[in-house]
Number of protein chains: 2
Amino acid sequence: MAETYKVDAIDQKILSYLVKNARMPFLEIARECGISGAAIHQRVKKMEDAGIIAGSRMVVKPKALGFDVCAFVGVQLVSTNLYAGVIEALKMMPEVVECHFITGEYALLLKIFCRDNEHLMDVLVNTIQNIPGISRTETFISLDQAIERPVYVKDRSVIKG
Amino acid sequence: MAETYKVDAIDQKILSYLVKNARMPFLEIARECGISGAAIHQRVKKMEDAGIIAGSRMVVKPKALGFDVCAFVGVQLVSTNLYAGVIEALKMMPEVVECHFITGEYALLLKIFCRDNEHLMDVLVNTIQNIPGISRTETFISLDQAIERPVYVKDRSVIKG
DNA sequence: ATTGAAACCGTTGTGAT
DNA sequence: ATCACAACGGTTTCAAT
C-alpha cells in the first residue's frame, strides 16, 4: 500500500483501457500509447505493486448465478466500537459484496445479493440480526440497476490521438 | 441477452477463477478443470455471447485517480415516470458509478466518487439538483469501505480437486 | 524509464470425433 | 461439446541505453 506512486498521463491512458477491458493485450495498449509492450508491462506491474491496481475481475451477471435479488441494507450498531467484529462477521457472508461505514442514520451500508426473497428474509433475520453488535436494520431492495461502471478514468490522450 | 444458457459446474469453476483474476490464462484454467484450453475458450465465448459475462475490469483504487470521497446519494423524484430522463442525465455524470431504483423513502440510490468535499458539494448542488425531475436528496458519505468483492461464485470443484 | 530481441507461452481457428 | 494441432501473437525477461 505504498502511497508515493504518481499516476502520470501514460498510466492514465493505460488504465482507461484496462478498466474497460482487463484482458486487452498489453501490445495493443502499447500501439495505442506509442510506447513498447515492455514499458506497458512494467508500468502495470508497478501500479499493481503500488496498490493502485487492486486486481481484475470478469463481471458476471448475478442473475446467471441464481442471484435474483439485490438489496442495500442500512445497519445500526449497538455501539460504534463494535465495528471491527461486525465487519469480520459480514466478511463470512457470501451474500455481502460491499460494506461501507457511512454518515447518517445508519453506521453501515451493505450491498447484498440473494437468490430470492426467501433467501433475503433468511439473511436478514437469521444471519445479520444474529451478529453481535447489530441492533436495527432497514432494507432497500434494488428493483433495477440502471448504471454500473468503473470509476472514471480520464483518457488524456497525450500521446498519439 | 439470451436467457437460455445454463451455467453448469464447469462454467462455475471457470467463473470462480475469472471473477478473481480476469487475466488468468485459459490454459491454466484448463489444467485446473481437466479439459482443453479450446474448451475453456469456447465456454467463455458462449458465456460472453449469452450476456452472462458482461465484460472485465481492472480494479483501480479511486484514490490513485484523485477521488478521495465516496458517497451514496438517496434521490427523491418529483414523479416516478420521470425515471428514464433522470437516468440519462445521471449517465452523463462521470462521478456516478452506480444507480439503483430502490424501495423505500428514496426512488434512487446513487454511488458517486468525488475528488474532495468541494467537488461533492458542486455535484450535489450544481449538477444533481439541476436535473429535471429530482426533488430532494440525502447524502451518506462513505468513511471506510470495509468490503468490496465480486458476486459469490461457488467453486463446486466437480472435476479434479 | 524505455527499448528491441528472444524465449516462452497462451490464444484462437480448424477439422475430426 | 470436446479434442489435438498449428499458426499466430502476446508476455515476460534482460542487457543496453
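Which of the 14 residues around DNA strand C come nearest? They are A:Arg23, A:Ser36, A:Gln42, A:Lys46 and B:Phe26, where a residue counts as near a strand if one of its heavy atoms lies within 4 Å of it.

This is a predicted model, in which local features need pLDDT of at least 70 and side-chain atom pairs count only at pLDDT 80 or more, while totals for chains, interfaces and linings use all residues. Residues are numbered from 1 along each chain as its sequence is written, chains are lettered from A and ligands numbered from 1 in the order in which they are written, and side-chain values use heavy atoms, with hydrogens and water left out.

**The surface near DNA strand C**

At least two residues each come from α3 (37-49) of chain A and from α2 and α3 of chain B; α3(A) gives the most, with five residues. Helices here are DSSP runs (H or I, at least four residues), numbered from the N terminus. By type, the surface has seven nonpolar, three polar and four charged residues. Ala, Val, Leu, Ile, Met, Phe, Trp, Tyr, Cys and Pro count as nonpolar, Asp, Glu, Lys and Arg as charged, and the others, Gly among them, as polar.

| Residue | Protein atom | Distance to a phosphate oxygen of DNA strand C |
|---|---|---|
| A:Arg23 | side-chain N or O | 2.6 Å |
| B:Phe26 | backbone N or O | 2.7 Å |
| B:His41 | polar side-chain atom | 3.2 Å |

**Helix α2 of chain B**

B:Phe26 is also one of the buried residues of α2(B) (residues 26-33), along with B:Ile29, B:Ala30 and B:Cys33. Buried means under 20% relative accessible area and exposed over 50% (1.4 Å probe, protein chains only).

The buried residues pack against α1 (9-18) and α3 (37-49) of chain B, contact being heavy atoms within 4.5 Å. After the helix comes B:Gly34, with a positive phi near 75 degrees.

**The two protein chains**

Chain B superposes on chain A by a rotation of 180 degrees with 0.0 Å of shift along its axis (RMSD 0.0 Å). The two copies are therefore related as by a two-fold rotation axis. The superposition is by least squares on the C-alpha atoms of residues with pLDDT of at least 70 in both. Because 100% of the interface residues of chain B are also interface residues in chain A, the copies meet through the same surface.

Conventions. A polar contact is a pair of N or O atoms within 3.5 Å; within protein, one must be able to donate a hydrogen and the other to accept it, and residues adjacent in sequence count only if both atoms are side-chain atoms.
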